[in-house]
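This briefing concerns the structure shown below. The points that follow are grouped by topic.

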Amino acid sequence: MGSNTVLVYLVRTALLLILLLWAPVNRRVFAQTELAASWAARNTEDISRDSYPVDYLGLPLNDEGRTRALTYNESQLAMIERQCEGWPSFYFLQGPFGLKIWSDTDPVRGGVIAYTIGAWEDRAPMTIWMDGRPHPSEYGEHTRAGFTTGRWEGDTLVAVTTHMKAGFLRKVGPPSSDQATMTSRFFRHADILTVLVVIEDPIYLTEPHVITKSFQLSAAPISPTGPPCVSTFEGRQPGDSTPHYLPEKNPFVDEMTRRFGVPREAALGYTETLYPEYRKKIKDTYVPPPPCTEDCGVAGNFVRRRGPTP
């Protein structure tokens, strides 16, 4: 083999290596949409659903999840050890706040290594790794934020979160287990960012739970951390028992039915009630209770509710 042939071979090899190293970065650059910004919550959707103690509308709970939810007592939040324990990652979509998103880039190749969604008082920051690293072993540490990896599908960022600690799907008690996973999709249309989240939990859900929320680009910066959570005395002494309800003893189980005529099965998160066919099924058989005028239940945050004024 002549020296010229060897030189051509080396040049071709070097070019091939350059293409292999830079092509993935170039694909990310041309496929991605800019997400790093401050995004203000539009709050046009009621997805928190934390105003009534037993409001599981739209949740596909199984029997175990429903039973566990009905044991929850809001007074647990007065316990010192529970005041700042934080919520799972999907609370970034359910809370009333906006999003602060920033990116970390590779200083040499320029590709995005990770996106970070800033924290809030009771929510940890969420890092979305874009560098191809694998998820930890199933025995790896579980945290409030979990472990998240992302990829681009066209102009949509798809993020998958695992390794979240057990927590709650809503503030009123429906649980999530440490086997729950979250798949998030970020769609940007001009100055509107729509986020779609799919939560799957083999322990407490019969099928995936879907949430969407829209945000608007904000010229005013949003804090990447939020105010600190500070625990204080709220009426529960350290060592006191954990407030809860025994099976069949939750006093709010019929509040949604008595106040709004919502069928009990729907308020309790039976999967069948999520679909339009359920309305057809009960159309000729369901009789709502008469309007409530007195003693209509107690809302979340211990506010007494009464019926409408005549």
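**Structural briefing**

S214 lies in strand β11, which spans residues 209-217. The model discussed here is a predicted one.

**Surroundings of S214**

- With a relative accessibility of 14%, S214 falls below the 20% limit and is therefore classed as buried.
- The side chain of S214 makes a polar contact of 3.2 Å with the side chain of T194.
- Apart from neighbours within four places in sequence, the residues in contact with S214 are A41, R42, E45, I192, L193 and T194.

**Nonpolar core**

- In soluble globular proteins, nonpolar side chains tend to be buried together.
- The largest nonpolar core in this model comprises 41 residues, and the members with the most contacts inside it are Y56, F92, I128 and F186.
- Strand β10, residues 192-200, makes the greatest contribution to this core, with four residues.
- Setting aside neighbours within four places in sequence, Y56 is in contact with L61, A69, L70, R170, V172, P174, A266, A267, L268 and G269.

**Positive phi at non-glycine positions**

- N43 is not a glycine, yet its phi is positive, at about 55 degrees.
- N43 is placed in the loop between β1 (37-41) and α2 (63-70), and its relative accessibility of 42% makes it partly exposed.
- A190, likewise not a glycine, has a positive phi of about 55 degrees.
- The loop between β9 (181-189) and β10 contains A190, whose relative accessibility of 63% is over the 50% limit, so A190 counts as exposed.

**Disulfide**

- The structure contains one disulfide.
- C84 and C229 are joined by this disulfide, with an S to S distance of 2.0 Å.
- The pair connects distant parts of the chain, 145 residues apart: C84 is in the loop between α2 and α3 (91-94), and C229 is in the loop between β11 and α4 (255-260).
- The link of C84 and C229 is left-handed, with -85 degrees about the S-S bond.
- C84 is partly exposed, with a relative accessible area of 36%, and C229 is also partly exposed, at 26% relative accessibility.

**Aromatic pairs and cluster**

- Nine aromatic pairs are found in a search of the whole structure.
- One of them is formed by W87 and Y91, whose ring centres are 5.9 Å apart; their planes meet at 40 degrees, so the pair is tilted.
- W87 and Y91 are both buried.
- For Y115 and W152, the ring centres lie 6.4 Å apart and the planes are at 80 degrees, so this pair is edge-to-face.
- Y115 is buried at 2% relative accessibility, and W152 is buried at 14%.
- One aromatic cluster is formed by Y72, W87, Y91, F97, W120 and F168.

**Charged groups over rings**

- R66 places its charged end over the ring of Y270, at 3.6 Å from the ring centre.
- The charged end of R133 sits over the ring of W129, 3.5 Å from the centre of that ring.

Notes. Residues numbered from 1 in each chain as written. Predicted model: local features only at pLDDT ≥ 70, side-chain atom pairs only at ≥ 80, totals over all residues. Heavy atoms only, no water. Helix = DSSP H or I, 4+ residues; strand = E, 2+ residues; numbered from the N terminus. Buried < 20%, exposed > 50% of the residue type's maximum accessible area, 1.4 Å probe, protein only. Polar contact = N/O pair within 3.5 Å; in protein donor to acceptor, adjacent residues only side chain to side chain. Contact = heavy atoms within 4.5 Å. Core = buried A, V, L, I, M, F, W, Y, C linked by side-chain atoms within 4.5 Å. Disulfide = S-S within 2.5 Å. Phe/Tyr/Trp six-rings, centres within 6.5 Å; stacked < 30°, edge-to-face > 60°. Lys NZ or Arg CZ within 6 Å of the ring centre and 35° of its normal.
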